[in-house]
Amino acid sequence: MRVFFLSISIALVLLCTGNTHARQYHPEDASTKPPQHDDTKLKIKQIREPNQPELCRASARVQMLDTIEIKQRGYRVDTNSQIDHSGDKPMKIPKLGSGNLLKGMERSILGMCVGEIISVEIPPELAFYEPGKKFLKRPVERNVMVRYEIELIRISPRPGAGWY
C-alpha cells in the first residue's frame, strides 16, 4: 500500500513541477503566473502584470468553467497581419472550456488574473485546425501558427466564492 501512495506522490510531484512558461511560479510571489497545463506547444509571454499582483492568489485566477470577459487581438505569426479582434468592448466568455474559444486560447487563459495581458503563439491543431472543430471560415491556411494578445478584463464571481 505504501508503494502505491509513494508512486502516486511521485507522479503528482512530476506533474506539478513541469513548467511550460519562461517564468517560474513561486507561491510567495503572487505576480508570477503558475503553470496551468502541460501543453508545451503554446508559447506564452506575459506582456503586463495583473492590476493588483498582491491580490492575485489562487482563488482570484481563472479556472475552468469560469465566466470571464476578455479583449483579444489575433495575428498570423508568419506575416504579423491581424486576423481577429474583439473591438473596444470586452467579449464575454461563458463557461471557459466549453468550446467558445480556440483550445489554445482557453488553455493560455487558465491561471490569469484581472488586468494581466499575455501573448500566446498557438499551433494550428490548437487553433483553427483543431480536430473536430467546425468553422464557417478559417482566417488562416493549414499549418499557419497564430498569435493572440489577450487581456483579462473580468472574472465573474463564482457561486459561493464571494468577491475577489
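**Buried charges and cross-links**

Asp66 is buried, at a relative accessible area of 4%. The model is predicted. A search of the whole structure turns up one disulfide, and the salt bridge count comes to seven.

- Asp66 sits in the loop between E1 and E2.
- Leaving out residues up to four places away in sequence, Asp66 touches Arg61, Ile93, Pro94, Lys95, Leu96, Ile155 and Arg158.
- Glu116 belongs to the loop between H2 and E5.
- Glu116 has 1% relative accessibility, so this residue counts as buried, the limit being under 20%.
- The Glu116 side chain makes a polar contact with the side chain of Gln46, at 2.8 Å.

**The disulfide**

- Cys56 and Cys113 form the link, with their sulfur atoms 1.4 Å apart.
- The link of Cys56 and Cys113 is right-handed, with 65° about the S-S bond.

- Arg76 and Glu141 meet through their side chains in a salt bridge, 2.9 Å from N to O.
- This pair links distant parts of the chain: Arg76 is in strand E2, Glu141 is in the loop between E5 and strand E6 (146–155), and 65 residues separate them.
- Arg76 is buried at 13% relative accessible area, whereas Glu141 is partly exposed at 44%.
- Lys103 forms a salt bridge with Glu130, and their closest N and O atoms are 3.8 Å apart.
- Here too distant parts of the chain are linked: Lys103 is in helix H2 and Glu130 in the loop between E5 and E6, 27 residues apart.
- Lys103 is partly exposed, with a relative accessible area of 30%, whereas Glu130 counts as buried at 13% relative accessibility.

- Glu149 forms a salt bridge with Arg147, with the closest N and O atoms 2.9 Å apart.
- Glu149 and Arg147 are both buried.

**Aromatic rings**

- The structure holds one aromatic pair.
- Arg138 lies over the face of Tyr129, 4.6 Å from the ring centre.

Definitions and conventions. Residues are numbered from 1 along each chain as its sequence is written. This is a predicted model: local features need pLDDT of at least 70, side-chain atom pairs count only at pLDDT 80 or more; totals for chains, interfaces and linings use all residues. Side-chain values use heavy atoms; hydrogens and water are left out. A disulfide is a pair of cysteine sulfur atoms within 2.5 Å. Helices (H or I, at least four residues) and strands (E, at least two) are DSSP runs, numbered from the N terminus. Buried means under 20% relative accessible area, exposed over 50%, partly exposed in between (1.4 Å probe, protein chains only). A polar contact is a pair of N or O atoms within 3.5 Å; within protein, one must be able to donate a hydrogen and the other to accept it, and residues adjacent in sequence count only if both atoms are side-chain atoms. Contact means heavy atoms within 4.5 Å. Rings of Phe, Tyr and Trp (its six-membered ring) pair if their centres lie within 6.5 Å; planes under 30 degrees apart count as stacked, over 60 as edge-to-face and the rest as tilted. A charge sits over a ring if NZ of Lys or CZ of Arg is within 6 Å of the ring centre and within 35 degrees of the ring normal. A salt bridge is a side-chain nitrogen of Lys or Arg within 4 Å of a carboxyl oxygen of Asp or Glu.
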